[in-house]
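This briefing is for a reader new to the structure shown below.

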Amino acid sequence: MGIFPFPALPRFLIPVVLMVRHRFFFTKYRKRMNTKNMGFDTKLIHSGAFEDQFGSATVPIYQSSTFKFKDAQHGADCFSGASDGFIYTRIANPTIKAFEDSMAELENGYKGIATSSGMAAITSIYMALLGAGAHIVGTASVYGPARGVLEKDFSRFGVEADFINTADIDLIKATIKPNTKVLYVETPANPTMELSDLAACAAVAREYNLVLVVDNTFATPYLQNPLDLGADVVLHSVTKYINGHADIVGGVVVTKEKELYDKIRHCMVYMGCNMDPHQAYMIIRGLKTMALRVERNQENAMKVAQFLEKHPKIAWIKYPGLESFPQYELAKKQMTGFGSMISFGVAGGLESGRALMNNVHLALLAVSLGGVETLIQHPASMTHAAVSREDKEKAGITDDLVRLSVGIENIEDIINDLAQALEKS
Ligand SMILES: *Cc1c(COP(=O)(O)O)cnc(C)c1O
């Protein structure tokens, strides 16, 4: 019996040697820079990247559905987990893994799970944490489909959901039932900008043994780190600030611990919610400039908010960076910046808001958010159209609410555009 490189190896040592050999072979070209103690901006650029055999400066697109095993034993080791080699892209892929590793580091979590979209991240989490007879409590003004999929689809499998104002901690406690498993919080919430106190929500989750899931899309890991405040799971629609260029749809989940990671990854893989390598490559490219973009986004947003607040045609405005914002103190406590989402109402209500949206030239009349371009939309008839009138009212999504995602264009151009459109509304 002979096996390279030890001709007379005792039989019981063969698997050990194979494992070590495979591990060496497959990690040799996957050395990562250690950015653990470096700044956030450095992590954005270097954290997930690994060295390949050509010394590529960027993570290449591994456009391969499947990966060759070195031999039968290695294939078996990959499946058993004894080797961390790649198997099949729905399960894992080097380009996608680079993005996941980066996100885990940026959110101070255990590991990341990249998904085809933000909704795929959300449904993978629901699938992993809920089942027949389970109950979830969520923020009333969450991203519309995050609520709709529970009320219309998961309800068919016996999952119960209550959407309430999660800024009210006593109301959360009063809504929790014996079968409640998950507290699902979006802060700042879409589109009301209402904040929920994450540390207080985490305390409730501990007390009632719930999993606290936070949609951190509006804030980004640059401005808010829910896992540090006690959340168990954080998710993003990568489509927004993380990719930032309005050219890709994607999502990601990061968990604090291994157990939840394993459960959610299992559902992602088995339901086929995986990201694609090309998508991951584009997102990694966008991610590198996220800090710069978000800084400019929010600097512009503050100036736009100040302009709108003083404008005679604006009836009301919600921006966490304004001192008039009811939860301004909470924003300062749990976020390191105020972001670039603004909601407001034009005096004259819905018709005036419509006129504003029809008369802007620079801002694009489009849904989505968090890109380099300024976007304007009307949640009641667009992103939240599927939410019933009654639920919209309860969630504070009024008919006159106009949502603005402030881009990184020249600030004077953004303000001039809004000013001329407000003249006509
Ligand atoms: C856009 C969005 C989602 C959904 O993400 P997709 O990438 O569109 O699937 C979820 N949550 C928030 C807060 C969002 O803005």
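Predicted model: local features only at pLDDT ≥ 70, side-chain atom pairs only at ≥ 80, totals over all residues.

Which residue just after H10 takes a positive phi? Gly272 does, at about 70°.

**Helix H10**

- Helix H10 covers residues 258-271, and its 14 residues should span 20 Å at 1.5 Å a residue. The end C-alpha atoms of H10 are 20 Å apart, which agrees with that expectation.
- The buried residues in H10 are Leu260, Tyr261, Ile264, Arg265, Cys267, Met268 and Val269.
- Two helices are among the elements that cover these buried residues, namely H4 (94-106) and H5 (118-129).
- The cover also includes the strands E1 (111-115), E5 (211-215), E6 (233-237) and E7 (251-255).

- Most residues other than glycine have a negative phi, and most peptide bonds are trans.
- Thr187 and Pro188 are joined by a cis peptide bond, with omega about -10°. Pro188 sits in the loop between strand E4 (180-186) and helix H8 (198-208).
- Another cis peptide bond links Asn190 and Pro191, where omega is about 5°. Pro191 is placed in the loop between E4 and H8.
- Asn209 is not a glycine, yet its phi is positive at about 60°. Asn209 belongs to the loop between H8 and E5. With a relative accessible area of 68%, Asn209 is exposed, because exposed means over 50%.
- Ser368 is not a glycine either, and its phi is positive at about 75°. Ser368 lies in the loop between strand E10 (364-365) and strand E11 (375-377). The relative accessibility of Ser368 is 27%, so Ser368 counts as partly exposed.

- Why is E6 described as largely enclosed by the rest of the structure? Five of its five residues are buried.
- In a regular strand the side chains alternate between the two faces of the sheet.
- In E6, Val233, Leu235 and Ser237 point one way, while Val234 and His236 point the other way. All of these residues are buried.
- E6 pairs with E5 in the parallel sense, over three bridges. In this pairing, Leu235 of E6 is the bridge partner of Asp215.
- E6 and E7 run antiparallel and are joined by five bridges. Thr255 in E7 stands opposite Val233.

**The five-stranded sheet**

- Strands of a sheet pair through backbone hydrogen bonds, either parallel or antiparallel.
- An open sheet is formed by five strands in the order E8-E9-E12-E11-E10, with mixed pairing.
- Strand E8 (314-318) and E10 each have a single partner strand and stand at the edges, so one side of each is left without a neighbour in the sheet.
- E8 pairs with strand E9 (residues 341-346) in the antiparallel sense, over four bridges. Trp316 has Gly345 in E9 as its bridge partner.

**The enclosed cavity**

- Rolling a probe the size of a water molecule over the atoms shows where empty space is left.
- How many cavities of 30 Å³ or more does a search of the whole structure find? The search finds one.
- The largest cavity has a volume of about 40 Å³.
- H4 and H10 are the elements that give two or more residues to the lining of the largest cavity.
- Residues that line the largest cavity include Thr89, Arg90, Ile91, Ala92, Ile96, Glu100 and Ala114. The lining also includes Arg265, Met268, Asn274 and Met275. Of these, Arg265 and Met268 are among the buried residues of H10.
- By type, the lining of the largest cavity divides into six nonpolar, two polar and three charged residues.

**The largest pocket**

- The largest pocket holds about 1,000 Å³ of space.
- The lining of the largest pocket has 37 residues, and Ala92, Lys97, Lys111, Tyr261 and Arg265 lie nearest its centre.
- At least two residues of this lining are supplied by each of helix H1 (14-28), helix H3 (72-80), H4, E1 and H10.
- The residues lining the largest pocket divide into 14 nonpolar, nine polar and 14 charged.
- Arg265 lines the largest cavity, and Arg265 is also one of the residues nearest the centre of the largest pocket.
- Ala92 likewise lines the largest cavity and is one of the residues nearest the centre of the largest pocket.

Note on methods:
Residues numbered from 1 in each chain as written. Heavy atoms only, no water. Expected span 1.5 Å × (residues − 1). Buried < 20%, exposed > 50% of the residue type's maximum accessible area, 1.4 Å probe, protein only. Contact = heavy atoms within 4.5 Å. Pairing = 2+ DSSP bridges. 1 Å grid on protein atoms, 1.4 Å probe; cavity = no way out; pocket = protein on both sides within 12 Å on 5 of 7 lines; lining within 4 Å. Points joined across faces, edges and corners; volume = space filled by probe spheres on them. Nonpolar A, V, L, I, M, F, W, Y, C, P; charged D, E, K, R; others polar.
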